[in-house]
Amino acid sequence: MSVKQSDFKNAIFDAGLPVPNGLCNPDGAPAQKRFSVYRNNVAVSLSEALEVTFPVVRTLVGDEFFKAMAGVFLRQHAPSSPVLMRYGAQMPAFLDSFEPVAHLGYLPDVARIELALTRSYHAADTMPIDPQVLQSIAPDDLLLARLHLAPSVHLIRSNWPAASLYHANSTPNATPPVMQAEDVLITRPEYDPAVTALPAGGGAFVAALLIGTPLGEALKTASAASDDFDFTTVLGLLLAGGALIKVEEHQKG
Amino acid sequence: MLDTNLAKFETLPNRPGVGYKPQHFADIMEDAGAVEWLEVHAENYMGDGGRPLAQLRHLAEQFPISVHGVGLSIGGNDPLDVDHLKRLKHLCDWLNPASFSEHLAWSTHDGAYLNDLIALPYTEATVSSVADHVAQVQDVLGRKMLLENPSSYLAFAESTLSEVDFLAEVVKRTGCGLLLDINNVFISANNLKIGAIDYIDAFPLEHVGEFHLGGHDEDVDDAGEVLLIDSHGREVVDPVWALFDYTLGKSGPRPTLIEWDANVPPWPELAAEATRATQILDKVTS
């Protein structure tokens with residue numbers, strides 16, 4: 001007669017399974033609708049958690065569709081911890097293979113932006129460098145130095161205009177997207193993460209910094225990626241976003 | 001994380017508090033009204049930094065804080081999630097809250113977190129398992145915890161103990177305190193057809209460190225019986241206030257929390273619920 005929590009859990013996620021034996025109404029009759037309170041609470045609360053993390057994906061597919069899709073997602077990917085700010089990491093991969101949204105090729109990248117925004121929002125607080133520091137280092141030494149980026153910084157390299165789509169569906173009067181690839185930078189000046197489409201070569205540059213490449217090599221990588229790479233503009237974006245937190249000078253042997 | 005040692009308030013006052021919602025931050029800092037302390041859900045403050053922790057640090061400078069966990073799954077058959085317990089310890093060590101509480105319920109099984117507080121049967125086996133879990137939590141956190149009575153929608157045929165006897169036994173074995181949710185008593189009494197007054201009369205009120213008051217919704221079961229749902233999405237109803245009044249008459253004043261987690265109202269509406277709690281607390285304080 002003992003109700004197993006595994007049966008309870010499985011029946012919550014699969015309404016086709018019978019309510020476990022031993023769960024009763026107050027008159028002793030087997031519980032039916034009373035069990036569905038749990039089915040409903042779990043599905044609705046996890047779906048709402050996904051809505052909080054993916055508001056723009058929801059706008060792009062519509063409220064009703066999102067709820068139905070969230071129902072499929074949460075049954076395949078229940079949260080692995082009670083810290084729901086980290087829930088939904090599998091959403092981009094899920095969207096990549098979810099047939100009903102196959103025609104919306106940009107959707108996984110928009111989901112990647114939204115995941116990065118949540119991670120950025122909860123990332124550790126850091127102190128940005130004073131831009132003067134960059135001028136105080138001799139140019140040759142600066143080229144050998146590594147620029148450390150804040151833990152709130154993320155980069156999404158998209159084959160779609162993902163940043164423009166994000167803005168167009170979250171900000172009134174945003175510029176309509178133009179069909180082009182975009183490298184998307186997430187920074188967090190103080191507490192509110194911001195989404196920026198990087199100019200040409202910027203994605204290659206930030207990607208190089210993120211893996212600890214010295215500045216000189218990162219500049220070469222960026223220039224190789226695009227003739228139009230402009231260091232000053234990208235540096236300005238990083239400084240404005242409070243993204244540079246340390247200049248680690250090369251240790252001379 | 002942030003600067004340590006926020007140990008300003010050692011206990012919750014026997015006054016009203018509310019469940020903190022970030023949209024009320026500015027209102028609370030300007031004029032908290034009758035609200036004298038705040039409760040936060042632990043799991044919302046387990047990031048590494050950013051606005052949530054910055055706000056919490058500001059609030060903790062002015063108000064006693066209660067940390068209320070919703071994800072430990074103390075009533076689960078599985079061992080407690082030690083990673084989650086570490087996160088709780090990290091938060092409590094930093095914040096040094098005036099109180100820590102969790103639920104008599106389960107929410108995680110086989111690595112899947114269900115984000116709901118699910119009831120468990122009350123048997124000799126489950127009382128041992130819950131007591132072990134509570135003892136483990138108190139041991140890791142290095143502090144006494146309060147265990148909250150759940151809201152029930154259905155009964156377990158295998159139960160051999162009443163909920164009150166179950167809770168009293170856990171207190172006896174672990175030295176934990178209790179968090180008595182008056183709204184949950186009202187909901188469970190209706191849903192399981194037991195007497196709410198009988199429940200309160202049997203409850204070991206001397207171990208209650210905090211009361212919860214919240215709103216619920218109404219539905220019906222397959223037999224057409226009224227089924228109350230613990231939604232925290234509206235004001236506290238009059239019969240719950242009356243049950244609170246009755247309970248306070250027996251227990252004396254205790255820290256009393258208004259919970260409003262869904263359809264969160266503008267601050268004045270929530271503060272008005274705290275004012276109403278003050279009026280009842282004042283009757284038994286004087």
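What covers the buried residues of α12(A)? Before getting to that, a word on what you're looking at. This is a predicted model, in which local features need pLDDT of at least 70 and side-chain atom pairs count only at pLDDT 80 or more, while totals for chains, interfaces and linings use all residues. Residues are numbered from 1 along each chain as its sequence is written, chains are lettered from A and ligands numbered from 1 in the order in which they are written, and side-chain values use heavy atoms, with hydrogens and water left out.

Back to the helix. In α12 of chain A, residues 231-240, the buried residues include V234(A), L235(A) and L238(A). Buried here means under 20% relative accessible area, exposed means over 50%, and partly exposed is in between, with a 1.4 Å probe and protein chains only. Helices (H or I, at least four residues) and strands (E, at least two) are DSSP runs numbered from the N terminus. Those three residues cover an arc of only 100° around the axis, which puts them on the same side of α12(A); the arc is that of the directions from the helix axis to the C-beta atoms. The cover over them includes α7 (132-135), β4 (182-187), α10 (202-210) and β6 (244-248) of chain A, where contact means heavy atoms within 4.5 Å. On the face turned away from the buried side sit the exposed residues T232(A) and A240(A). Just after the helix, G242(A) takes a positive phi of about 60°.

Now hop over to chain B. Eight strands close into a barrel there, in the order β1-β2-β3-β4-β7-β9-β10-β13, with parallel pairing. Two strands pair if DSSP finds at least two bridges between them. Take β2(B), residues 37-41: four of its five residues are buried, so the strand is largely enclosed by the rest of the structure. Three bridges tie β2(B) to β1 (residues 16-19) of chain B, with V18(B) standing opposite L38(B). Four bridges join β2(B) to β3 (residues 65-68) of chain B, and there H41(B) has H68(B) as its bridge partner.

Next, the place where the chains meet. Chain B puts 46 residues into the contact and chain A puts in 42 residues. About 3900 Å² is buried between them, and carbon and sulfur atoms give 57% of that. Buried area is the accessible area (1.4 Å probe) that two parts lose on being put together, summed over both. R51(B), Y113(B) and L154(B) supply 16% of the area that chain B buries against chain A, more than any other three residues.

R34(A) is buried, with a relative accessible area of 1%. A polar atom of its side chain lies 2.7 Å from the backbone oxygen of Y153(B). Leaving out residues up to four places away in sequence, R34(A) touches residues including N25(A), L154(B), D221(B) and E225(B).

Finally, two loop residues. N173(A) has a positive phi of about 60° although it is not a glycine. N173(A) belongs to the loop between α9 (162-168) and β4 of chain A, and counts as exposed at 82% relative accessibility. In chain B, N263(B) has a phi near 45°. N263(B) lies in the loop between β13 (256-259) and α9 (267-285), and is exposed at 64% relative accessibility.

Definitions and conventions. A polar contact is a pair of N or O atoms within 3.5 Å; within protein, one must be able to donate a hydrogen and the other to accept it, and residues adjacent in sequence count only if both atoms are side-chain atoms.
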